[in-house]
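Here is a friendly walk through one protein chain, written for a reader who likes to know the cut-offs behind each term. Have the viewer open as you read.

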Amino acid sequence: MRALGNAIGGAMDQDQRAKPGAILCVDDEGIILMHLLSLLRRRYSEAYRIEGVSDATSGMATISRLYGEGFRVILILSDWLMPGMNGDEFIRIVHEQHPDVKAIVISGKAALDQMAAAMEGLGVVGFLPKPLLVNDLYGLIDGIIAEGPAAKTRRSQCAGWQLWS
């Protein structure tokens, strides 16, 4: 029970690192969500639990459920603009409760400078523009997985968009 309490509170001890990982996608556009889930399951389903929801409130409930089932969320892919709660507010809340969870922001509408300022210090390790390019998605996620908990934001080029550091 101690490990579960720590997971919900955000601290990640040795027991938590040994638990299976999960990746969560949050996007209000159904076609984008289904495409993301299909791509992620194709490449990562043998090693990670892949979940998807259409809004931030459901995302919070899914994170709690995953931790309750013994999974640790390692990565969230979240849309920037969503009804109800935007991606920046969602990621901020997740980061407060689970500071080790990394995030990738996905958007076809937001200004990169605005997003970079809003995401500073929240575990955001990258940005992907819509429409998604498969190689960019896989490259970014593969890098995050390879770096593990030490993954940091960094500058690189992604389909002509600059990621922030």
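Arg49 is partly exposed at 27% relative accessibility, while Glu51, at 12%, counts as buried. The side chains of Arg49 and Glu51 meet in a salt bridge, with N to O at 2.9 Å. A salt bridge here is a side-chain nitrogen of Lys or Arg within 4 Å of a carboxyl oxygen of Asp or Glu.

Before going further, a word on the basis. This is a predicted model, in which local features need pLDDT of at least 70 and side-chain atom pairs count only at pLDDT 80 or more, whereas totals for chains, interfaces and linings use all residues. Residues are numbered from 1 along each chain as its sequence is written, and side-chain values use heavy atoms, with hydrogens and water left out.

**Salt bridges**

Side chains of opposite charge can pair when their charged atoms come close. By the rule above, the count comes to eight salt bridges. Three of them are set out here, including the one already described.

| Salt bridge | N to O distance |
|---|---|
| Arg49 and Glu51 | 2.9 Å |
| Asp27 and Lys130 | 3.1 Å |
| Lys130 and Asp79 | 3.3 Å |

Which residues are linked in a network of salt bridges? They are Asp27, Glu29, Asp79 and Lys130. Asp27 and Lys130 meet at 3.1 Å. Asp27 lies in the loop between β1 (21–26) and α3 (30–44) and Lys130 in the loop between β5 (124–129) and α7 (134–147), so this pair ties together parts that are 103 residues apart in sequence. Helices (H or I, at least four residues) and strands (E, at least two) are DSSP runs, numbered from the N terminus. Asp27 is buried, with a relative accessible area of 0%, and Lys130 is buried too, at 17%.

Lys130 also forms a salt bridge with Asp79, the closest N and O atoms being 3.3 Å apart. Asp79 belongs to strand β3 (residues 72–79), while Lys130 sits in the loop between β5 and α7, so the pair ties together parts that are 51 residues apart in sequence. Both Lys130 and Asp79 are buried.

**The sheet and strand β1**

Strands of a sheet pair through backbone hydrogen bonds, either parallel or antiparallel. In this model, an open sheet of five strands has the order β2-β1-β3-β4-β5, with parallel pairing. The edge strands are β2 and β5, each pairing on one side only; two strands pair if DSSP finds at least two bridges between them. Neighbouring strands of this sheet are turned by 20° against each other on average, direction ignored.

Strand β1 has six bridges to the parallel strand β2 (residues 48–53) and six bridges to β3, which also runs parallel to β1. On the β2 side, Val26 has Val53 as its bridge partner, and Cys25 has Gly52. In β3, Ile76 stands opposite Leu24.

Is β1 enclosed or open to the outside? Six of the six residues of β1 are buried, so this strand is largely enclosed by the rest of the structure. In a regular strand the side chains alternate between the two faces of the sheet. Both faces of β1 are covered: Gly21, Ile23 and Cys25 are buried on one side, and Ala22, Leu24 and Val26 on the other.

Helix α4 (residues 56–68) lies across β1, β2 and β3, running at about 155° to β2. Helix α5 (residues 87–97) lies across β1, β3, β4 (102–107) and β5, at about 165° to β3. Axes are lines fitted to C-alpha atoms, for helices over the stretch in contact (heavy atoms within 4.5 Å), and angles run from 0 to 180 degrees between N-to-C directions.

**An aromatic pair and the whole chain**

The count comes to one aromatic pair, where rings of Phe, Tyr and Trp (its six-membered ring) pair if their centres lie within 6.5 Å, with planes under 30 degrees apart counted as stacked, over 60 as edge-to-face and the rest as tilted. Tyr44 and Tyr138 form this edge-to-face pair, 6.0 Å centre to centre and with 75° between the planes. The pair links Tyr44 in helix α3 with Tyr138 in helix α7, 94 residues apart. Both tyrosines, Tyr44 and Tyr138, are buried.

Overall, the protein chain has seven helices and seven strands, and buried residues make up 50% of its 165 residues.

Methods:
Buried < 20%, exposed > 50% of the residue type's maximum accessible area, 1.4 Å probe, protein only.
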